Amino acid sequence: MGKVALEPNAEAEQQAVKITAVEFTIACEHLFAAGEGHKAIQMALQVGQASQEVPLILSASGLLAKYTNRHDIVATLIKKAIHLTPDGTAELARSKSEMHIFLADALMAMGRKKEAMDIFQAIIKECPALRVAALEHISMALLEAGYPKEAFTVLDACFSSSDALVSLPLYNNMGCALERMNRSEEALPYYEKALELDPTNPVVSFGHSVSLLKAGRLEEGFKKYVRRAPLVNDRNFWFLDLPRLSDQVDLEGKRILLYQEQGLGDTIQFIRFVPWLLSKGAKLTIALPIQLLDLISINYQQTDCMLISDVASMASAQRSEFDFSCPIPDLPFVCGVKSEKNIPHSTPYLLPSGVEDNRFSQIMREEVKDICGSSDSASPLARIGIVWAGDKRTKAADVAADQRRSTTLLDMMGAVSAHCPDLRKCEIYNLQFGRRRSELKEWHGVPIIDIMNEVENMEDTAAIMLNLDLIISVDTSTAHLAGALGRPIWMVSRWDACWRWGDKGDRSVWYPTMRVFRAQENSFLPVLAEVGKALHVIFQNSEHPVF
């Protein structure tokens, strides 16, 4: 979200008077479920500013904390609620302390770590009844801000004290901390203890499944992974009401709707299982975002590929033809993946159309000619594509994850070029799409060739990649695409690596051509320096480098 002015208006003031906090929350959640979150966010901003009712202000701040990254506004609203709450009784004092806990959450998310920790510590000291709640919040706030080691320290002290504390969130947060510290096997007992307290808790169940997968226990992990609620833009999609495909279904003759869920990278990673479903006699329709439609359609012509928006608007008669639906990330479970041996490793399993007549080859030659001023320039040492950031996100937890996985162009190219002088003998191509592409304007080092104006979708990006010798990317869909194309890909992983890359190692069981460079701290600069040094070694040892 951009800058938002918190100015009350008459309509918002009337709305704030008429509606209760519960009614307001329900109304906003319905909007989010219907894919109209922007309306809910605007309501929260207006009502939070106009209302003088503490419960309503807190409801607005809670929604903004959950669905946006405007932690500054969240903090302002909580301070307003604290100011409006009178002193006098023990109940009111406790209420104010609870509000301060949420204020500390917001401050931590804003990067004001010391202020947040001071508040948490004051609450633990002055309000013993809220000690457990404060510790639950402080550990999760540290985790979301990218401090799993600090969260672990807090939680370890909790479990090691003479009056060892027990709560589901504390167990869950400890499991999360250990998983993010790449100690996934150690995380499992804490998730199991949390599940003993609430066997159906969806947050704990999902964390448990991710830790199992990251620890390499694929059979157990995927079995639990499919218990999650699908993460889609509109929770009212009609196909979510279809029976969910499982590993027990006889697929012969069944009409199955596969659909995009989570990120583009998830679809690219798991679409490889489509041939297995077809071999069992399934009849497939695949609902996709526009970025992937052409690429998937070309490679899986035995299926019916459609825009997910067109599937959502299907007539009732068409809907009734389907027997099952299945989010694409469920496919490893459905197809019986029990270990790494069951993963289809053959690449490429995706290719753009016109491989023999790739129009981007000519575009790239012309662009180089414009930069060099001649078509007779020496062949480059290598053609390298770069991606330094993920796509824009809005939901608070997703924004936090993106901040952990993304770097800047200045940091990436600065660190790599500083340790690889031969980079100037290479052709560097920008593959960054979206708003972060604007960082090119601020870069004045090694020339970067940018032809992304010619790119309309992932098929076009794939076509460019076929002309490259190496892609260097953070953990985003571009890395998955390079792997699916069988192109050499150096993937720079955040230090709390995603489950699919495991806890350790520099290779991926999912992509044979991938080399994983693992950050060891929040800053990407040291690991990007490793990338530069690795390039330098290869260039020093060969005139015809192989990555």
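**Note on the predicted model: sheets, helix packing and backbone geometry**

1. In this predicted model, six strands form an open sheet whose pairing is parallel, and their order is β7-β6-β5-β8-β9-β10. The edges are taken by β7 (448-449) and β10 (514-518), each of which pairs on one side only. Within this sheet, strand β5 (residues 383-387) runs parallel to strand β8 (residues 470-474), and four bridges join the two. In this pairing, I386 is placed opposite I472 of β8.

2. Helix α25 packs on the six-stranded sheet. The strands that α25 touches are β5, β8, β9 (489-493) and β10, and the direction of α25 makes about 160° with that of β9.

3. Helix α25 (residues 525-541) also packs against helix α22 (residues 409-419): their axes come within 7 Å and cross at roughly 40°. The cut-offs are 35 degrees, under which a pair counts as roughly parallel, and 65 to 115 for roughly perpendicular; α22 and α25 are therefore oblique to each other. The crossing of this pair is right-handed. On the α22 side the contact is made by D411, M412, A415, V416 and H419, and on the α25 side by L525, L528, A529, V531, G532, K533, L535 and H536. By class, the residues of this contact comprise eight nonpolar, three polar and two charged.

4. A second sheet is also open and has parallel pairing; its four strands follow the order β3-β2-β1-β4. Here β3 (304-307) and β4 (324-327) are the edge strands, each pairing on one side only. From one strand to the next, the twist averages 25°. Four bridges connect strand β2 (residues 283-288) with β3 in the parallel sense, and L288 faces L307 of β3. Helix α16 (residues 290-299) lies across β2 and β3 and runs at about 165° to β3.

5. A further helix pair consists of α9 (residues 148-160) and α10 (residues 168-180), whose axes come within 9 Å and cross at roughly 140°. That angle makes α9 oblique to α10, and the crossing is left-handed. From α9, the residues P148, F152, L155, D156 and F159 meet L170, Y171, N173, M174, A177, L178 and R180 of α10. The contact of α9 with α10 has nine nonpolar residues, one polar and two charged.

6. In the model, the chain over residues 168-201 is 79% helix and 0% strand, with the end C-alpha atoms 9 Å apart.

7. Most residues other than glycine have a negative phi, and most peptide bonds are trans. N182, which is not a glycine, has a positive phi of about 65°; N182 lies in the loop between α10 and α11 (184-197). Q262 likewise has a positive phi, near 65°, and is located in the loop between β1 (255-259) and α14 (264-270). The peptide bond that joins T347 and P348 is cis, with omega about 5°. P348 belongs to the loop between α19 (331-334) and α20 (359-372).

Definitions and conventions: Residues are numbered from 1 along each chain as its sequence is written. This is a predicted model: local features need pLDDT of at least 70, side-chain atom pairs count only at pLDDT 80 or more; totals for chains, interfaces and linings use all residues. Side-chain values use heavy atoms; hydrogens and water are left out. Axes are lines fitted to C-alpha atoms, for helices over the stretch in contact, and angles run from 0 to 180 degrees between N-to-C directions. Angles under 35 degrees count as roughly parallel, over 145 as roughly antiparallel, 65 to 115 as roughly perpendicular and the rest as oblique. A crossing is left-handed if the near helix is turned anticlockwise from the far one by less than a right angle, and right-handed if clockwise. Contact means heavy atoms within 4.5 Å. Ala, Val, Leu, Ile, Met, Phe, Trp, Tyr, Cys and Pro count as nonpolar, Asp, Glu, Lys and Arg as charged, and the others, Gly among them, as polar. Two strands pair if DSSP finds at least two bridges between them.
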